[in-house]
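Hi,

Here is the structure I promised to pass on. My notes on one helix pair and on the salt bridges follow below it.

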Amino acid sequence: MAALQQTPITFQSRSPPSTQIIARRTTNLSFSGGFKSLKLPKITVKVAGRPRRHGARMADSAAGSYANALAEVANSNGTLEATSADMEKVEKFFSDSEVFYFFSNPTVDIAKKRDVLDEIISSSNLQPHTSNFLNILVDMKRIDLISEILKEFEIAYNKLTDTELVIVTSVVQLGSQHLAQIAKGVQKLTGSKNVRIKTVIDESLVAGFTIRYGSGASKLIDMSVKKQLEEIAAQLDLGDVQLAV
């Protein structure tokens with residue numbers, strides 16, 4: 001298994017050698033997610049010297065560094081699975097466009113962002129190192145990379161656990177028995193120790209399903225009716241003619 005790259009990110013208190021606990025007043029802010037107003041002390045953390053990065057490629061590199069650092073911490077303390085579950089909770093919160101805009105907006109005061117983040121942490125019961133990690137992103141003004149970090153963390157998690165990510169797209173939700181059969185089939189193809197399935201609904205497929213796996217979901221097994229209709233149209237040289245079903 002390939003070792004994760006070294007990163008300059010460290011988790012440490014601002015007041016060594018003892019950990020400094022700082023309690024802050026919670027600001028009541030309203031979001032569609034309906035966060036509860038709770039007061040939560042947190043451990044302040046910092047990131048060791050982050051160089052300036054420019055452009056999409058450097059942003060991807062930064063996201064990978066943060067994600068790998070979190071994965072390494074979680075793996076070293078035996079909480080990789082729980083941290084992965086934390087990341088799923090974080091993804092749900094930041095999938096709300098209003099929440100994402102609030103945190104990525106540079107005109108919003110950092111103190112207000114910390115207060116809302118405390119509410120998210122409290123309502124989600126996130127682990128301490130996950131909470132500290134999110135505070136790092138806010139303090140270092142890198143929270144706008146959260147989507148890329150979540151993707152990179154999933155890649156790191158899959159490498160550490162020898163897990164093959166499979167994306168199954170269908171018109172309707174497939175049953176657990178069918179998904180289990182797909183998982184076994186992909187496991188046989190790839191030889192991976194574990195298979196993790198994500199499902200996507202796409203009514204344009206008409207019927208059937210598609211399976212994507214491999215690095216960057218580069219490999220495709222297309223069992224959809226849409227694909228069959230496209231092949232028929234190509235054979236009959238129908239061009240852009242739409243087939244009614």
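Predicted model: local features only at pLDDT ≥ 70, side-chain atom pairs only at ≥ 80, totals over all residues.

Where α2 touches α5, Thr83, Asp86, Met87 and Val90 of α2 meet His129, Thr130 and Leu134 of α5; contact here means heavy atoms within 4.5 Å. By type, the residues of that contact are 3 nonpolar, 3 polar and 1 charged (Ala, Val, Leu, Ile, Met, Phe, Trp, Tyr, Cys and Pro count as nonpolar, Asp, Glu, Lys and Arg as charged, and the others, including Gly, as polar).

Residues are numbered from 1 along each chain as its sequence is written, and side-chain values use heavy atoms, with hydrogens and water left out.

Back to the helices: α2 (residues 80-94) and α5 (residues 128-139) pack at about 45°, and their axes are 10 Å apart. Axes are lines fitted to C-alpha atoms, for helices over the stretch in contact, and angles run from 0 to 180 degrees between N-to-C directions. That makes α2 oblique to α5, given that under 35 degrees is roughly parallel, over 145 roughly antiparallel, 65 to 115 roughly perpendicular and the rest oblique. Helices (H or I, at least four residues) and strands (E, at least two) are DSSP runs, numbered from the N terminus.

Now the charges. Searching the whole structure turns up 4 salt bridges (a side-chain nitrogen of Lys or Arg within 4 Å of a carboxyl oxygen of Asp or Glu).

One of them pairs Arg196 with Glu88 at 2.4 Å, N to O. Arg196 sits in strand β4 (residues 194-201) and Glu88 in helix α2, so this pair ties together parts 108 residues apart in sequence. Glu88 is partly exposed, at 38% relative accessibility (buried is under 20% relative accessible area, exposed over 50%, partly exposed in between, with a 1.4 Å probe and protein chains only).

Arg196 also meets Glu154, at 3.8 Å, N to O. Glu154 is in helix α6 (residues 146-161), 42 residues from Arg196 in strand β4. Glu154 counts as buried, at 15%. Through shared partners, salt bridges join Glu88, Glu154, Arg196 and Lys198 into one network.

Another salt bridge links Asp139 and Arg114 (2.9 Å, N to O). With Asp139 in helix α5 and Arg114 in helix α4 (residues 110-124), the pair ties together parts 25 residues apart in sequence. Asp139 is buried too, at 14% relative accessible area.

Cheers
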